[in-house]
Amino acid sequence: MGAIFNDELKRLRGHFMEMGIDASEQIYQATKAFTEHDPALANQVLTTDNKINDEEVSLEKEALKLMALQQPVASDFRKIISILKASSDIERLGDYATHIARAAINLSDREHNEQIEGQIEKMMLIVREMLERVLDAYAQTNEQAAYEVANEDLRVDMIYVQQQQAILTALAKAGGNVKTYSDYLAVIRYLERSGDHIVNLAEWIIYIGSGKLVELNPGKADPTMVERKLKEQ
């Protein structure tokens, strides 16, 4: 392909990376607002609610224009298609950050469970590290790093299962404090699903390099893995 195409593809990839970095920051700020009971910070996250959505729309327009005008060869076509597909996963991460921020506003004036919130923060840190690592892997088309990031999702799934049970146990003892624990259940679910979407991003890296669509989510590949790992602890 010519220099014009390469420049446009480089610009497209750069915009995708910016979108991923924005999503990482939103997840961090939203979860921080939730665990630190900071409605002001949660509202700041909500004010940027449309930013990632707008970035996805812009990426889609750029990608479609690039394919229409430059008619890329197969390997370059895969790079563009992967951006189109992966940007949808990034957009979902932004949605989850928004949901967590709204839960933070609801939670701010209620009783809290510090132990559960500590585990929620731990989940968030793993998810954010996974996202940052998968973006680095994307920038280098590093398939080995993509596999390693995908395997990290098992840690997220294990915390999710443990905390789901812990929340339900605490809820049974909490009497009327149902809304707090309902929000805890929702937030750990948002973070668990965030991990799944990051695994999707890892799968698109493999697609760029090999042209193959692979299933990298360890929980999907082996539904009993989480339960077995928990029993081994």
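**Pockets, cavities and packed helices**

User: How do the residues lining the largest pocket divide by class?

Analyst: The lining of the largest pocket holds 5 nonpolar, 1 polar and 4 charged residues, where Ala, Val, Leu, Ile, Met, Phe, Trp, Tyr, Cys and Pro count as nonpolar, Asp, Glu, Lys and Arg as charged, and the others, Gly among them, as polar. This is a predicted model, in which local features need pLDDT of at least 70 and side-chain atom pairs count only at pLDDT 80 or more, while totals for chains, interfaces and linings use all residues. Residues are numbered from 1 along each chain as its sequence is written, and side-chain values use heavy atoms, with hydrogens and water left out.

User: Which residues line the largest pocket, and which helix gives the largest share?

Analyst: The lining consists of I4, E8, R11, L12, E62, A63, K65, L66, L69 and Q70. Helix 1 (3-35) and helix 3 (49-70) each contribute at least two of the lining residues, and helix 3 gives the largest share, with 6 residues. Helices here are DSSP runs of H or I with at least four residues, numbered from the N terminus.

User: What makes one space a pocket and another a cavity?

Analyst: On a 1 Å grid over the protein atoms alone, a cavity is a set of points where a 1.4 Å probe fits but cannot get out, whereas a pocket is an open set with protein on both sides within 12 Å along at least five of seven lines, and lining residues have an atom within 4 Å of a point. The largest pocket has a volume of about 160 Å³, and the largest cavity one of about 50 Å³, a volume being the space filled by probe spheres set on grid points joined across faces, edges and corners. Over the whole structure, the search finds 1 cavity of 30 Å³ or more.

User: What lines the largest cavity?

Analyst: Around the largest cavity are F16, S82, A86, V134, L135, Y138, L201, W204 and I205, which by class are 8 nonpolar, 1 polar and no charged residues.

User: Why is helix 6 called roughly antiparallel to helix 7?

Analyst: Helix 6 (residues 143-173) and helix 7 (residues 178-210) have axes 9 Å apart and pack at an angle of about 165°. Helix 6 is therefore roughly antiparallel to helix 7, since the term covers angles over 145 degrees between N-to-C directions, on a scale from 0 to 180 degrees, with axes fitted to C-alpha atoms over the stretch in contact. Their contact has 21 nonpolar, 5 polar and 6 charged residues.

User: How is the crossing of helix 5 and helix 6 described?

Analyst: The axes of helix 5 and helix 6 come within 10 Å and cross at roughly 165°, which means that helix 5 is roughly antiparallel to helix 6. The crossing is left-handed, the near helix being turned anticlockwise from the far one by less than a right angle.

User: How do you know that the span of helix 7 agrees with its number of residues?

Analyst: The expected span is 1.5 Å times one less than the number of residues, so the 33 residues of helix 7 should span 48 Å, and the 49 Å between its end C-alpha atoms agrees. Helix 1, with 33 residues, reaches 48 Å from its first C-alpha to its last, close to the expected 48 Å. Just after helix 7, G211 takes a positive phi of about 80°, and just after helix 1, H37 takes a positive phi of about 55°.

Key
Parallel < 35°, antiparallel > 145°, perpendicular 65-115°, else oblique.
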